[in-house]
Structure formats: structure tokens, C-alpha cells
Amino acid sequence: MDKIIIPKPKRFKRNLIILSVIFLIVGSGWFAGFNIFEVLTHLYKGGRLLGRMFFPPDFSYIPNIVAPMIETIRMAIVGTAVGAVVALPVAVLAANNFIKTKWLHVPLRVVLNIFRTIPALVLASLFVAVFGSGAFSGVIALSIFTFGLVSKLTYETIEAVDYGQVEALMSLGANKLNVLRYAIMPQIMPQYMSYTLYGFEVNVRAAAVLGYVGAGGIGQIYETNLAWRQFDRVGMIIIFTFFIVLIIDLVSSSIRKRLV
Amino acid sequence: MIEFKNVSKVYANGVKALNNINLKIDEGEFVAIIGLSGAGKSTLLRLINKLIESSGGEVLFEGQSVTKAKGKELINIRRQIGMIFQGFNIVKRMSVLSNVLSGRVAYNPTWKTILGIFPEEDKQIAYRALQRVDIIEKVHNRASDLSGGQQQRVAIARALAQQPKIMLADEPVASLDPITTIQVMDYLKKINVEDGITTIANLHHVDLALKYATRVVGIKAGDIVYDIQMKNVNKEKFFRDLEMVYGRSIQNDDVLGANNG
């Protein structure tokens, strides 16, 4: 029998990609001034700091954390709600299958993409400059961030709806609004709710640091305690925030799993 | 009742779906349209309620131009034309009742239908439609919980709720097993005979056309090549005639009975 000879796959392209990635990582570290020896020499200092933060944390400080934590969650809830509610109609306009006028959804998408690229922290510092410090600026920042996130994901979902159901509604004489209500909404609702919950999860985490730029929430007391070098309190805030975020993430993602 | 006058359809990608179709369908007929896939059957059906726009010619519904109709006029035509599909196309994430009630949207003000408000008499119409296809006991189920045959019956109920003059059926049984196929076809026939609703169905299986239709129209590459009233039609001759429509002999796949064993 003849020997079957299969030519070896050409690996040149793959090897080039691997080399480039290694080069990119090493190069970036080099230019960023990253130095492994520096890390090792500072490990001792870092260890001591961790010791002061967590062994033990200041449990008596918990009552002072609760109120700002609640404010943080409240900011996240309001920010998410406002952003998500505005996102829904905008997503409908931005989808290319419901309204087929290009001049509307193309610019709209550009705007949405811009909103989504700006980190909530940057938005917050902008709004603190405009509205002054406080939770209000934080809420607006979170709303805009949520709006960008949820509207983008939702319009993509709208574009992927089963057209058969839309066609059926059109065939029985439904106008655009009825098509939206009876064929599109039922299809996208679970995903939309899921995106909103995901936005909430992200917002709780974002809201926890917004105080750093003066936009309310737990970040503010975090900053104060760092300034006073009360590391055991800072440790307590971190632990507390960690557990709250963890619980919210667990609850929210389990709801999301059931939705879709 | 429906008239095609020199109707043609060329899709944007250059595909010629229909060439110069002339066809007249009378009240109460049960017309089966047969032909190979891609022959233009679905296009023909969708021109009747303007889900697809024609490239030339005119379609008339009770003397009124569907081709020229727009806005409220088009909605007024469409609500009198029920349609069911191969993929059922009921809204799976809604209840059976909501699906059937959605057949009434064109008879109610939009602000009410958006809020999901339907008058009691519309609900009665919906219940009766569900009763008609023997699925009233599923009225509060989610549509996605139903089997394929049940979903198609809900789709028929939704169309019935429109109180239509015509029923269009685009490959209504192509996704169903042989037993459910017969059930669904029986319902379509019952509605056609008892309510006098003109029915136009694209069918894949030629023996279904033989059994249920009062008239068979054959389409080949966008042309009507066959049109016969089914009274006193001889089965052997019918099958032989269809070879012209299919451009080949009738095979097992073209017949439901053969699949059924």
C-alpha cells in the first residue's frame, strides 16, 4: 500500500502571531517601567500594609460604612433604572430592521458607541465639575454609562429577532407600534432585562469608586480614611464592599440565567 | 375575489420570481399551489397581502388594488386576510390568548392594543376561534410550551380571530409529522367549507392537494403552467400532469402517504 503523505500545516503565520504577542507584552512592560525586582523589594512593605488593613480590620467601623454603602447601591439602582429606561426606545430607533432610515440609526450608533467608551469614572468627574460633588453627579454618570451599554446590546438583540413573528403580525394588519408591542418586545424582553441587571452589577462596582472623584457613595469615606492613614478602616470598607458586590453579583446573575 | 393582473416580481438581487402572472380566484375556493421550491409559490402568496411588493402589474382584493394600497387602507385589507406559515410564527413568549387576541389589533385603537386592552367581544371571538381548532384548554399556556401541531392550530385561531375572508397558508404542514399534518389540513378544510373562507395554500405534497383542494395551480420557474378544477379529476392523470409542473416524475418525497408507510 502507498504511504499517505500529508504535508505539514504551515505554521509561519501562527508563530509570527505568538512572537508579536510576546513582543507586545514585554515591550509594554519595559516602557511602563515594570520591574520584577522592584515588586519583590516592595513585597515586604506591601505585606505590612495588608497586615494593618486586614489583621484585624476595624469591625467597630461597620456602622459608619452602612449608610454610604446604601447610598452607593441606591445610586446604582437609580442610575441603572434611568439609563435602561431611556435605552429601550433609543435601541428601537438604532436597530436597522425596525426603522429602515439609515440617516437615523447610523449617527445614533456613533453616539452610543462614544457613550459606551467613556469610563463611568471619567463621566463622573465631568459631572462633578458641572453639577458639583455629590451623589447626583454619580447617578448621572451611571445613567449615561448604563444607557450606552444597554442600548447597544438591546439594538443588537432587536436586529436578531425572528422575522417570521414580525411578518405574521404585519400580515394580520398590525401597524408599526403593534408590531413592536406584539412581535418584537416579547422576543427581546428577557435579554433586555438581563442586560439591565448586568448593567446594575457593573454599576455597583463603578459606584463604589465614584466617591473618589467626589460623586457620592462609599468611595468618599474610602478616600477620607486613606488620607488619614486609617488602614484598618480601609480594610473593613474593602471587605464590606467585597461581600456586598459578591452578593449582588450572585443574586443578579442567577436571575439572569433564569431570564434567558 | 382575488385577481392577479400581469403581475411580475424581480427581487433586488436580480432573481425573477414571477413572470406576468394572471390568475383569478373566486370566493370559497380551496386553491392548492404546487411547484418545486424556488418556483415562486411563497412570493405569489405574499403579493396578496403585500408582504412583498410587486415589480409590475396589479393585485386586486375584492376589486380593490392591493398593489396601490398604503397605510390605513393596506391595514384594512390585511386584517381581512388571515395567514399561517410553515414556521407557525406565533409569538412564543406570549400566552396563547395574547397570540390569538393579537389577531384583533387592526380592529382596535392602537393606544388600547399597546396597553393590551381588548374589548370583551374580542375576547369572545378569540375563545371561539380557539374552540374551533379544539385547543381552548391551552388558552393560558405560554405558546412555547405547545407542540408544533398545537402551535399551528393557535396560528389558525389567530387568523380566525381576524374574521378573515381569505386564508393564506404558506407550506402550513411542512414542519409537521404526517398525523398532525392531516389534523391541520382537516381544520383548514373545515373552515373553508363551513365558513366559506377562501383558502390558498402552498403545498409540497401533491396527494394533499388532491385530497383537500378544489383547484390546483402549478407554478414552474415563475410561470403558471397548470390550473385545474379538481372535480372528477382522475388521480393517475393528475399525477401524470404534475410531472410537467415538476419537470420530473412524482417521487416518494412529493407524497405524504408514502412517507407515512
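Biologist: How much area do domain 1 of chain B and domain 2 of chain B bury between them, and how should I read such a value?

Modeller: The size of an interface is often given as the accessible area lost when the parts come together. In this predicted model, domain 1 and domain 2 of chain B bury about 2,200 Å² between them, and carbon and sulfur atoms account for 62% of it. On the domain 1 side, the residues that lose the most area to domain 2 of chain B are B:Arg79, B:Met167 and B:Tyr187, together 29% of what that side buries.

Biologist: Which stretches of chain B make up the two domains?

Modeller: The domain assignment gives domain 1 of chain B as 1–80 + 167–256, and domain 2 as 81–163. Their C-alpha centres lie 24 Å apart. For contacts, 30 residues of domain 1 of chain B touch 20 residues of domain 2 of chain B.

Biologist: How many salt bridges are found across that domain interface?

Modeller: The rule finds two salt bridges between domain 1 and domain 2 of chain B. Let me also point you to a pair to look up in the structure: B:Asp195 forms a salt bridge with B:Arg132, with the closest N and O atoms 2.8 Å apart.

Biologist: Which elements of domain 1 of chain B give two or more residues to the side that touches domain 2?

Modeller: They are α1 (41–48), α2 (71–78), β7 (166–170) and α7 (178–195) of chain B. The largest share, nine residues, comes from α7(B). By class, that side of domain 1 has 17 nonpolar, five polar and eight charged residues.

Biologist: Now the contact between the chains. How many residues of chain A are in contact with chain B, and how much area is buried?

Modeller: On the chain A side 21 residues are in contact with 27 residues of chain B. The two chains bury about 2,000 Å² between them, with carbon and sulfur atoms giving 57%. A:Ser171, A:Leu172 and A:Tyr182 supply 32% of the area that chain A buries against chain B, more than any other three residues.

Biologist: Which side chains meet in a salt bridge between the chains?

Modeller: The count between chain A and chain B is one salt bridge. The side chains are those of A:Glu167 and B:Arg46, at 2.6 Å from N to O. Seven residue pairs are in polar contact across the interface of chain A and chain B, both at pLDDT 80 or more. On the chain A side, α7 (163–171) and α8 (176–210) each supply at least two residues, and α8(A) gives the largest share, nine residues. That side of chain A divides into ten nonpolar, eight polar and three charged residues.

Definitions and conventions: Residues numbered from 1 in each chain as written. Chains lettered and ligands numbered in written order. Predicted model: local features only at pLDDT ≥ 70, side-chain atom pairs only at ≥ 80, totals over all residues. Heavy atoms only, no water. Domains from an automatic or database assignment. Contact = heavy atoms within 4.5 Å. Buried area = accessible area lost by both parts, 1.4 Å probe. Salt bridge = Lys/Arg side-chain N within 4 Å of Asp/Glu carboxyl O. Helix = DSSP H or I, 4+ residues; strand = E, 2+ residues; numbered from the N terminus. Nonpolar A, V, L, I, M, F, W, Y, C, P; charged D, E, K, R; others polar. Polar contact = N/O pair within 3.5 Å; in protein donor to acceptor, adjacent residues only side chain to side chain.
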